[in-house]
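Good morning, and thank you for coming. I ask you to keep the sequence and the structure in view while I go through selected parts of the protein.

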Amino acid sequence: MSCYTHQMAGLLFGTSGIPTSTHPPTTADGIRRIAAIGLDCLELAFVHGVYLNKAEAGAVSGVAHNNSVKLSAHAPYYLNFNPREEKKRHVSQGILHGAARIAHFCGAQDVVFHPGFYMGDPPEQTFHTIKKAISEVLDKLTDDDNPITLRPEVSGKFVQFGTVDEIIRLAQELPHIAPCVDFAHWHARGNFNAYGEFMGLLKAMEKGLGRVALENVHFHVSGIEYNKSGERKHLPLRASDLKYEELLRAFKDYDIKGTIICESPNPEEDALLMKETYEKMA
């Protein structure tokens with residue numbers, strides 16, 4: 001079954017976590033804040049743990065529906081599907097399964113996650129180990145009748161599994177998997193930072209997964225500070241060297257649709273900057 005069943009009418013822009021200007025800083029108020037400032041979507045930040053229960057998630061789903069805000073979620077950071085100890089892999093599988101369960105009750109359609117680390121293993125061996133672990137989580141989600149799409153994220157450090165090619169390949173070989181391309185991470189891994197390179201990535205997605213993959217993208221965009229090891233920390237767009245206007249031009253020219261999540265330290269400001277810049281482009 002295709003994981004691209006919820007195609008977008010255009011590009012939606014939003015924040016990772018609730019906007020920093022949300023008062024009080026609750027998830028429900030964050031969703032209302034997204035709508036009030038003219039944004040479209042929010043990625044629930046389960047990055048330090050899944051902080052909602054089933055009942056709370058149901059209430060969040062209602063608020064999102066009433067405010068026409070599309071939700072996704074980011075699973076906890078501390079996953080590794082290629083650990084040295086088998087117990088740690090099982091723990092990671094349980095955490096991702098739990099995050100997907102609550103995200104589904106929230107009405108989210110996508111869960112972003114970091115697949116793991118090479119741990120000194122060859123990339124091909126790491127790929128197969130991680131693929132097997134994810135496939136076992138997918139089996140549990142099928143048993144739950146949970147149709148959520150899992151989105152492994154392009155990583156920002158060379159020790160982490162998650163090149164663009166690896167993420168596309170996972171999506172080719174497993175059902176209910178689609179890429180989350182983090183353009184700041186991609187930039188930090190190889191200084192990819194020009195219109196032609198952005199277009200090349202979109203073409204690679206289309207070649208590997210079909211045009212349908214570009215009809216429902218889930219991308220992360222922010223500035224980034226990096227060194228020879230890769231990412232160091234996220235930055236505001238205007239405080240970074242990311243050529244975000246060229247990136248948005250590539251989005252426009254390729255006519256992609258889906259969700260753009262801003263992970264800047266000032267997420268709503270930069271999400272609005274991107275939305276306004278994009279909408280002004282002919």
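In helix H1, the residues Thr27, Ala28, Ile31 and Arg32 meet Val60, Val63 and Ala64 of helix H2, where contact means heavy atoms within 4.5 Å. Sorted by class, this contact of H1 with H2 has 5 nonpolar, 1 polar and 1 charged residues. Here Ala, Val, Leu, Ile, Met, Phe, Trp, Tyr, Cys and Pro count as nonpolar, Asp, Glu, Lys and Arg as charged, and the others, Gly among them, as polar.

Please note that this is a predicted model, in which local features need pLDDT of at least 70 and side-chain atom pairs count only at pLDDT 80 or more, while totals for chains, interfaces and linings use all residues. Residues are numbered from 1 along each chain as its sequence is written, and side-chain values use heavy atoms, with hydrogens and water left out. Helices (H or I, at least four residues) and strands (E, at least two) are DSSP runs, numbered from the N terminus.

How is a pair of packed helices described? One gives the angle between the two axes and the distance between them. For H1 (residues 27–36) and H2 (residues 54–66), the axes come within 9 Å and cross at roughly 10°. Such axes are lines fitted to C-alpha atoms, for helices over the stretch in contact, and angles run from 0 to 180 degrees between N-to-C directions. H1 and H2 are therefore roughly parallel, since angles under 35 degrees count as such, over 145 as roughly antiparallel, 65 to 115 as roughly perpendicular and the rest as oblique.

I turn to helix H6, residues 183–190, where 7 of the 8 residues are buried. Buried means under 20% relative accessible area, exposed over 50%, and partly exposed in between, with a 1.4 Å probe and protein chains only. Among the buried residues of H6 are Phe183, Trp186 and Arg189. Asp182 caps the N-terminal end of H6, with a side-chain oxygen 3.0 Å from the backbone nitrogen of Ala184.

Phe183 also belongs to the largest nonpolar core, which has 78 residues; Phe183 is listed with Leu71, Leu150, Phe219 and Phe251 as having the most contacts inside it. Helix H4 (residues 123–143) gives the largest share of this core, 7 residues. A nonpolar core is a set of buried Ala, Val, Leu, Ile, Met, Phe, Trp, Tyr and Cys residues joined through side-chain atoms within 4.5 Å. Not counting residues up to four places away in sequence, Phe219 touches several residues, including Phe183 and Phe251.

Next, is Ser264 buried or exposed? Ser264 is buried, with a relative accessible area of 6%. Ser264 lies in the loop between strand E10 (258–262) and helix H9 (267–280). The Ser264 side chain makes a polar contact with that of Asp270 at 2.7 Å. A polar contact is a pair of N or O atoms within 3.5 Å; within protein, one must be able to donate a hydrogen and the other to accept it, and residues adjacent in sequence count only if both atoms are side-chain atoms.

Finally, the backbone. Most residues other than glycine have a negative phi, and most peptide bonds are trans. Asp145, however, has a positive phi near 60°, and Asp145 is exposed at 66% relative accessible area. The peptide bond from His23 to Pro24 is cis, with omega near -5°.
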